[in-house]
Every structure is written in C-alpha cells, then in structure tokens.
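Thanks for coming, everyone. I'll take a few minutes on helix packing and then the core. Here is the model.

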Amino acid sequence: MKTIQQHLVHHQTRFSDHPFFARLEADPPLAELAPFPLCLTFFVMTYQDILRVCDERVWDPEYMRMVHRHRLKDAGRDRWFLDDLVVLGIEPPTPAQLFGQPHHAARDASFALVAEAFRMRHDASQLALLLALDSAGHVFFDRVARYLERIGERRLRYFSRTHLDMGKAHGVLGEDTDARLESMVLDPEARAEALQLVDRCYRELHGMFDELEAQIADAAARAGLPASRREPARGAGVQSVRAHALRPFARRAARDDVHRP
C-alpha cells in the first residue's frame, strides 16, 4: 500500500491547488460563494452510501476491520451538514431540486464513486477509495475551516475546526495507521487496480469542484461583482497553506454506532 499512499499524496497536492480553494484565500463574504455549500448536498448524503457499500463488499478480515472502522468514524456527518445549512439560513434542497441542473456535478461524481465501490475486484481498492476521499476531504476541511475562521463564522459543526481536528486525531487503525498501511503488500493486479481507482476518484472530485467554481463565478458575474472577486488566479494563496503537512489518511471521528449487518 506504500505506493498507493504516495500516489494519494501526489493527487492531494494537486487538489489543494484548485481555484475554489484559491478563491477562499480572498475571504469573500459567504453569500458570494453561492451555490456553495448547498450544491454539495447530494455528494455529502451519498458519501454515507459509499461507506456502506465498501463496508459490505470487503471480505478479507484485515481490510474488513479497517473499512468498517472508517464507516463507524464517518457515520452521521450528513446530519451535521444539514444542521449547518439550517444555521446558515439555507433551506435544504427538495428531491426535485437535488435532481436539477445546479446539482448535476455532485450527482455525476456521486454516481461514479458509488459505481467504483461496486465494480472493484480487490479489497485493497475498497480501502483505497475511502482513503482517496479522505485525503481530498482533509484538504477541503482544512481550507474551508480556515476561511470560516477568518470571516468570523464559528457556529458550524460539519465545516468546523473541531471536525477537522477530530479527523487529524484518528486513523483507520489508530495512531499506527500509516505504518500499518505501508507494511501491507499488494500483488501487481491489486496495486494497478487501486492506483487507477485513485486517478478516477480524483478526476471526479476535480470535475465536481470545477463546476462549483464555474457556478460561483457565473453568479458573481450576474451580480456585477468586480472581476477580481469573480475569478481568483489559479494557485493564489497556496504557498501559505503548503507550510502545513498534508495528511492523506486523517479520519474524522464519529459519535454514532454503525453495526455490520
């Protein structure tokens, strides 16, 4: 799995350069980021099913223990997200709205990632899918939590520093996560499948955030905001963030119990 870890760090670093995160560095009012966070609703809700499907399709006892632990730790985060929407005064989308055009990128990414969980032949790939999503999540929560702190928004839970710090403190196996993963040896076929899966996972995430950034820029243009507020330079503000080590395997602890069927 060491090769998979290194591949994840590569993708995680590229993801941290996304223009959406550069936009946050300018500290715009949260209202100017619409349709964020509403347009992530479908993805956040579907993520719980990705955890479930991966958990139910792993058979090797060691992988089963890691994947199930991950499901336990991330259970209930969808409710935190919905609670944050209420705090922000955002009405959760109706089913009809979730299947409308503004949410299509989140649906596309969600469907693609659920499909990955069903099609993988090796247990290592099920774990790699969760690690890929978690590595991207660490970038997302770090940048969003920093942004919200800078603009003085401290009422949230899903998007909070506390959520992020809980993730840093817990791994799939506990404190020895990275060392245990590095010691796991994959055969060439399983390694190739996991590497290709990570590539596809990040491709879907980039696509979803590309569309999110495009919708924000379009809304800003229609609102008549200055160009400097509409389209941040690619990579702007990234250097200050890279001073903090990227941790692709950080986990977000959960309060809810999920029992294997």
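**Helix packing around H8**

Start with helix H7, residues 104-119, and helix H8, residues 123-150. They pack at an angle of about 155 degrees, and their axes are 9 Å apart. The cut-off for roughly antiparallel is over 145 degrees, so H7 is roughly antiparallel to H8. The crossing of H7 and H8 is left-handed. This is a predicted model, by the way.

Which residues meet there? From H7, we have Leu 113, Glu 116 and Ala 117. From H8, we have Gln 126, Leu 129 and Leu 133. By type, the H7 and H8 contact has four nonpolar residues, one polar and one charged.

Now the next pair: H4 against H8. Here the angle is about 30 degrees, with the axes 10 Å apart. Roughly parallel is under 35 degrees, so H4 counts as roughly parallel to H8. The crossing of H4 with H8 is left-handed. On the H4 side, the contact uses Tyr 63, Met 66, Val 67 and His 70. On the H8 side, Asp 123, Ala 124, Leu 127, Leu 130 and Asp 134 take part. That contact of H4 with H8 splits into six nonpolar residues, one polar and two charged.

On to the core. The general point is that in soluble globular proteins, nonpolar side chains tend to be buried together. In this model, the largest nonpolar core holds 67 residues. Which members touch the most others? Met 1, Phe 36 and Phe 140 do. Which helix gives the most? H8, with 15 residues.

Look at Met 1 for a moment. Leaving out residues up to four places away in sequence, Met 1 touches Tyr 63, Ala 124, Leu 127, Leu 131, Leu 181, Met 184 and Leu 186.

Last, the whole chain. How many helices, and how many strands? There are 13 helices and zero strands. Of the 261 residues, 51% count as buried. Take the contacts with a separation of 6 or more: 87% of them join residues 24 or more positions apart.

That's the tour. Questions, please.

Notes:
Residues are numbered from 1 along each chain as its sequence is written. This is a predicted model: local features need pLDDT of at least 70, side-chain atom pairs count only at pLDDT 80 or more; totals for chains, interfaces and linings use all residues. Side-chain values use heavy atoms; hydrogens and water are left out. Axes are lines fitted to C-alpha atoms, for helices over the stretch in contact, and angles run from 0 to 180 degrees between N-to-C directions. Helices (H or I, at least four residues) and strands (E, at least two) are DSSP runs, numbered from the N terminus. Angles under 35 degrees count as roughly parallel, over 145 as roughly antiparallel, 65 to 115 as roughly perpendicular and the rest as oblique. A crossing is left-handed if the near helix is turned anticlockwise from the far one by less than a right angle, and right-handed if clockwise. Contact means heavy atoms within 4.5 Å. Ala, Val, Leu, Ile, Met, Phe, Trp, Tyr, Cys and Pro count as nonpolar, Asp, Glu, Lys and Arg as charged, and the others, Gly among them, as polar. A nonpolar core is a set of buried Ala, Val, Leu, Ile, Met, Phe, Trp, Tyr and Cys residues joined through side-chain atoms within 4.5 Å. Buried means under 20% relative accessible area, exposed over 50%, partly exposed in between (1.4 Å probe, protein chains only).
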